[in-house]
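Visitor: I would like to learn how to read the features of a model like this one. Please take them one at a time.

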Amino acid sequence: GPVVASPEADDGMELEHEQGILFGNTDAALAAECLRLLSDPAFAKAQSALAHEVVKRLYSVENTYGRFITDLRTWLETRKQKG
């Protein structure tokens, strides 16, 4: 489902407001975003779908461990060539 968080929670994560996450700078703003989700089921459903897509895009195996393995392989090959 969608996430409600402070903007600091996005540090380096490439998330965007209303793309599966809702940001609030204050307690009142965070509460307002929660109420918004609770009072508008269509909006909540859309945000839930967006959150799912964002997680798949940013945190898939290919974009996490797969990327690490590719970077490690490249680093090792570069090191052997210099070696």
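This is a predicted model: local features need pLDDT of at least 70, side-chain atom pairs count only at pLDDT 80 or more; totals for chains, interfaces and linings use all residues.

Visitor: Where is Gln47 found, and is Gln47 buried or exposed?

Guide: Helices (H or I, at least four residues) and strands (E, at least two) are DSSP runs, numbered from the N terminus. Gln47 is found in helix 2. For accessibility, buried means under 20% relative accessible area, exposed over 50%, and partly exposed in between, with a 1.4 Å probe and protein chains only. Gln47 counts as buried, at 4% relative accessibility.

Visitor: At what angle do helix 1 and helix 2 pack?

Guide: Axes are lines fitted to C-alpha atoms, for helices over the stretch in contact, and angles run from 0 to 180 degrees between N-to-C directions. Angles under 35 degrees count as roughly parallel, over 145 as roughly antiparallel, 65 to 115 as roughly perpendicular and the rest as oblique. Helix 1 (residues 27-39) packs with helix 2 at an angle of about 105°, and their axes are 5 Å apart. The two helices, helix 1 and helix 2, are therefore roughly perpendicular to each other.

Visitor: Which residues in helix 1 and helix 2 meet?

Guide: From helix 1, Arg36, Leu37 and Ser39 meet Pro41, Phe43, Ala44 and Gln47 of helix 2. By class, the contact of helix 1 with helix 2 has four nonpolar, two polar and one charged residues. In this classification Ala, Val, Leu, Ile, Met, Phe, Trp, Tyr, Cys and Pro count as nonpolar, Asp, Glu, Lys and Arg as charged, and the others, Gly among them, as polar.

Visitor: Which residues make up the largest nonpolar core?

Guide: In soluble globular proteins, nonpolar side chains tend to be buried together. A nonpolar core is a set of buried Ala, Val, Leu, Ile, Met, Phe, Trp, Tyr and Cys residues joined through side-chain atoms within 4.5 Å. Here the largest has six residues: Ala5, Leu15, Ile21, Phe23, Val54 and Leu58. Strand 2 (21-23) and helix 2 (41-59) are the elements that give two or more residues to this core. Not counting residues up to four places away in sequence, Ala5 touches Ile21, Leu22, Phe23, Gly24 and Leu30.

Visitor: How many salt bridges are there?

Guide: A salt bridge is a side-chain nitrogen of Lys or Arg within 4 Å of a carboxyl oxygen of Asp or Glu. The count by this rule is three. In one of them, the side chains of Glu18 and Arg36 meet at 2.6 Å, N to O. Glu18 lies in the loop between strand 1 and strand 2 and Arg36 in helix 1, so this pair ties together parts that are 18 residues apart in sequence. Glu18 is partly exposed at 28%, and Arg36 is partly exposed at 30%.

Visitor: Which side chains meet in the other salt bridges?

Guide: Glu33 and Arg36 form a salt bridge at 3.1 Å, N to O. These two, Glu33 and Arg36, are three residues apart in helix 1, which means that about one helical turn separates them. Glu33 counts as buried, with 11% relative accessibility. Lys56 and Glu53 also form a salt bridge, at 3.6 Å, N to O. In helix 2, Lys56 and Glu53 are three residues apart, so about one helical turn lies between them. Lys56 is partly exposed at 46%, and Glu53 is partly exposed at 43%. Salt bridges that share partners join Glu18, Glu33 and Arg36 into one network.

Visitor: What is the phi of Glu14, and what is the phi of Glu18?

Guide: Glu14 is not a glycine, yet has a positive phi of about 60°. Glu14 lies in the loop between strand 1 (3-5) and strand 2 and is exposed, with a relative accessible area of 60%. Glu18, also a residue other than glycine, has a positive phi near 65°.

Technical notes. Residues are numbered from 1 along each chain as its sequence is written. Side-chain values use heavy atoms; hydrogens and water are left out. Contact means heavy atoms within 4.5 Å.
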